[in-house]
Amino acid sequence: MSFESLSGVKINDSETKRAFIIADFFSVCESDEGVPRIYKWSDFQSVTETRDFFSLKSGADEFEIQKSLIRDPAVLIRVRAIIEGAIADNPNIDYKHGKRILPPKTLCSGCEIPTEAYVATGAYMEREINNSNITLHNPGFDKLIWVFAVFAAILVLALQFIFWGDITDISNLLVYTVISVFAGGIAGMTAYLFCAYGAKTLYGRILKDDPALLEDITFVICDKGFMAAETEVYDYSDIIRWNQVEYFIETKHVYIVFNKNKAVFWLPKRLFPKDIHKELGDFIADRLLQK
């Protein structure tokens, strides 16, 4: 199992009088039963992580583990790593989770990291995540401005003719056109500001769901693949292969790797000496399409 070096976690739920053991197997202990129910990870059809709980479903059995029962963020991170490691070895499990900056460990496979790998540790910074996200969205912002502006201008022009004037009057047409273009410009700029605000608050929105953003992270880039995982749970025995992802984008602050048009790996440049940034970018470009 991926992340198999991690020790199991026992979670007690006093309200339901249950205890959950999350390890190589998933076990449920009821207070009135002497023998726990033990499930292989392959027994589960779906696992969902939300901001408030983990939900695991096996046939007619469904278990909900509230995150409020796990008071230590380090333990929560270990629970997630064990679950995602199990799902990596059982890809038939339907797995859903919220937005992440760290790659899901479900993409991992076992690997001995070569000694010539690029390795760094450090925490993510809000500024570099938000600024890079704005860069990613800029082409989309431009398209949205034009579409929204044109639509708004046409709508305003139509409304003016319906309520105020005659289209056959050339003076009305000129005035209404100027007003419509002005209204379209305002609408487009408003749409841009809303989208830019959303892009600039990515870090803050993810932080509410994912405490890993505040943890020390280990980053690995090597010929076999790459990884970014919480240093607390990473032992250099798991990696994401290059063939698991599709392309990457380089911004001023980070390299971002994508899988199915979703960013799954953010590598901050500041963690490496400036004199190897080009070397590192070329190394990734030799293995992935750059956009």
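User: What makes strand S6 (residues 53–58) and S7 a pair?

Analyst: In this predicted model, strand S6 (residues 53–58) and S7 are joined by 6 bridges in the antiparallel sense. Two strands pair if there are at least two bridges between them. The 6 bridges meet that cut-off, so S6 and S7 count as paired. Within this pair, Lys 57 stands opposite Glu 62 in S7.

User: Which strands make up the sheet, and in what order?

Analyst: The order is S7-S6-S5-S8. These 4 strands form an open sheet with mixed pairing.

User: Why do strand S7 (61–66) and strand S8 (94–96) stand at the edges?

Analyst: Each has a single partner strand, so one side of each lacks a neighbour in the sheet. From one strand to the next, the twist averages 10°.

User: Which helix lies across strand S5 (46–49), S6 and S8?

Analyst: Helix H1 (residues 73–89) does. Helix H1 runs at about 30° to S6.

User: Why is Lys 17 called exposed?

Analyst: Its relative accessibility is 53%. Exposed means over 50%, so Lys 17 qualifies. Lys 17 sits in the loop between strand S1 (9–13) and strand S2 (18–22). Its phi is near 55°, a positive value in a residue other than glycine.

User: How do you know whether Lys 260 is buried or exposed?

Analyst: Set its relative accessible area of 64% against the cut-off of over 50% for exposed. Lys 260 is therefore exposed. Its place is the loop between strand S15 (254–259) and strand S16 (262–268). Lys 260 is not a glycine, yet has a positive phi of about 55°.

Methods: Residues are numbered from 1 along each chain as its sequence is written. This is a predicted model: local features need pLDDT of at least 70, side-chain atom pairs count only at pLDDT 80 or more; totals for chains, interfaces and linings use all residues. Side-chain values use heavy atoms; hydrogens and water are left out. Helices (H or I, at least four residues) and strands (E, at least two) are DSSP runs, numbered from the N terminus. Buried means under 20% relative accessible area, exposed over 50%, partly exposed in between (1.4 Å probe, protein chains only). Axes are lines fitted to C-alpha atoms, for helices over the stretch in contact, and angles run from 0 to 180 degrees between N-to-C directions. Contact means heavy atoms within 4.5 Å.
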